[in-house]
Amino acid sequence: MNSTASHPTPLLRTVVGEITPDSVRGPVLAHEHLVLDLDHKGDGAAVLAPDRHAAAVTAELAALREEFGLSLVIELTCRGMGRDVETLARIARDAQVAVVAATGWYYEPFHTPEIDDSSVEQLTGTLVREIHGGIGATGVRPGVLGEIGSHGDTPTAPETKVLRASARAAVTTGLSVATHAQLGRGGLAQLDLLTAEGLPPQRISIGHQDLLDDPAVHRELAASGAYVAFDTVGKDSYQSDGTRLRLLLALLEAGHADRVLLSCDISRHGYLTTEGGQGYGHLFHSFLPQARAAGVDEDLIDLMTRRNPLRFLTGASVEEI
Ligand SMILES: [Zn+2]
């Protein structure tokens, strides 16, 4: 492998500036939403509003920093999802937790009109301009592409266009791509589309795999070199944590710990602890203790919650981080 001296690890681009990966000493939440608005599709609860919820979000993150050393949140709210990077910057400063913002498009029901009207080349250009020039007039630059969505076993034509544009933008800019595979389905098709555009598997995270009770698919994704995101931990209405843990242990048993990402995907205000929900801390308060009780040691937990997300974001190798 190349030494770190000849290939310095890229910086992480957060909403308040660039940081080095080795400054991230504590765990990372690999797929979250801190500000979100999916209400325009008729789901009034799928909102994390800057005015009504940012204080509660900030307080949760600050408490997790104090108790567990939470150091970084990968915030995957993209175009059409109510993204608000100025509020993200305020939350990051107030909570003293680094936040990486995203660009891209979610799955088809949330596509913005520009997708139908644009070619893959034009969509790629939109993403690259935002990655280089910042989001709107904020000057804040995205540090990841996500959550790039599809639903069903095969992405639809517009979703295919977005996946291809995202891969091309990632190759051009050196960022990575995190996907939304609706209910865990279609991950292998997403991987095929992204890699066909020249994006290496280690720059790809396939989302919501904990909702898919199919260990063979998890092994296939991981063996390709892509990250397998168990990113809806605590969402019991979709999957029990007991099943999640069984699927995680199977993937670890198969030797793929270095491909696992973990997160809670808080996407409704009812999930906040102030509203009686599981909160961003569910991973640390509930799921990781269950994993420890099942024999997962601290080095594996550090790998899954810190080193893996840092390697996903930067493309660094196992030897580097
Ligand atoms: Zn999400």
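Predicted model: local features only at pLDDT ≥ 70, side-chain atom pairs only at ≥ 80, totals over all residues.
Visitor: Is strand β9 largely enclosed by the rest of the structure or left open?
Guide: Strand β9 covers residues 144–150. A residue counts as buried if 20 or more other C-beta atoms lie within 10 Å of its own. Seven of the seven residues of β9 are buried, so the strand is largely enclosed by the rest of the structure.

Visitor: Which residue of β9 is the bridge partner of T103?
Guide: Strand β8 (residues 102–103) pairs with β9 in the parallel sense, over two bridges. In β9, the bridge partner of T103 is L145.

Visitor: How many bridges join β9 to β10?
Guide: Strand β10 spans residues 177–181 and runs parallel to β9. Along this pairing, I148 stands opposite T179 in β10, and S150 has A181 as its bridge partner. The number of bridges joining the two strands is four.

Visitor: Where is T156 found, and is it buried, partly exposed or exposed?
Guide: T156 is found in the loop between β9 and α5. The C-alpha atoms of T156 and G146, 10 residues apart along the chain, are separated by 17 Å. A residue with 20 or more other C-beta atoms within 10 Å is buried, and one with 12 or fewer is exposed. T156 has 14 such atoms, so it is partly exposed.

Visitor: How many residues in the contact of α5 with α6 are nonpolar?
Guide: In a right-handed crossing, α5 passes α6. The contact is made by T160, L163, R164 and A167 of α5 together with Q190, L193 and L194 of α6. By class, two of these residues are polar, one is charged and four are nonpolar.

Visitor: Is α8 oblique or parallel to α9?
Guide: Helix α8 (residues 241–253) and helix α9 (residues 282–293) have axes 11 Å apart. They pack at an angle of about 45 degrees. That makes α8 oblique to α9.

Visitor: Which residues of α9 make the contact with α8?
Guide: The crossing of α8 and α9 is right-handed. From α8, the contact is made by D241, L245 and L248. By class, the contact has four nonpolar, two polar and one charged residues. The residues from α9 are S286, F287, Q290 and A291.

Visitor: Which residues of β12 point the other way from Y227 and A229?
Guide: In a regular strand the side chains alternate between the two faces of the sheet. In strand β12 (residues 227–230), Y227 and A229 point one way, and all four named residues of the strand are buried. Those pointing the other way are V228 and F230.

Visitor: Which residue of β12 is the bridge partner of S205?
Guide: Strand β11 (residues 204–206) and β12 pair in the parallel sense over two bridges. In β12, the bridge partner of S205 is Y227.

Visitor: Which are the edge strands of the three-stranded sheet?
Guide: This open sheet has the order β3-β6-β7, with parallel pairing. Neighbouring strands in it are turned by 20 degrees against each other on average, direction ignored. The strands that pair on one side only are β3 (28–32) and β7 (98–100).

Visitor: Which residue of β6 stands opposite E32?
Guide: Five of the five residues of β3 are buried, and the strand is mostly covered. Three bridges join β3 to β6 (residues 72–75), and the two run parallel. L29 stands opposite V73 in β6. Opposite E32 stands E75.

Methods. Residues numbered from 1 in each chain as written. Pairing = 2+ DSSP bridges. Axes fitted to C-alpha atoms, helices over the stretch in contact; angles between N-to-C directions. Left-handed = near helix turned anticlockwise from the far one by under 90°. Contact = placed C-beta atoms within 7 Å. Nonpolar A, V, L, I, M, F, W, Y, C, P; charged D, E, K, R; others polar. Parallel < 35°, antiparallel > 145°, perpendicular 65-115°, else oblique.
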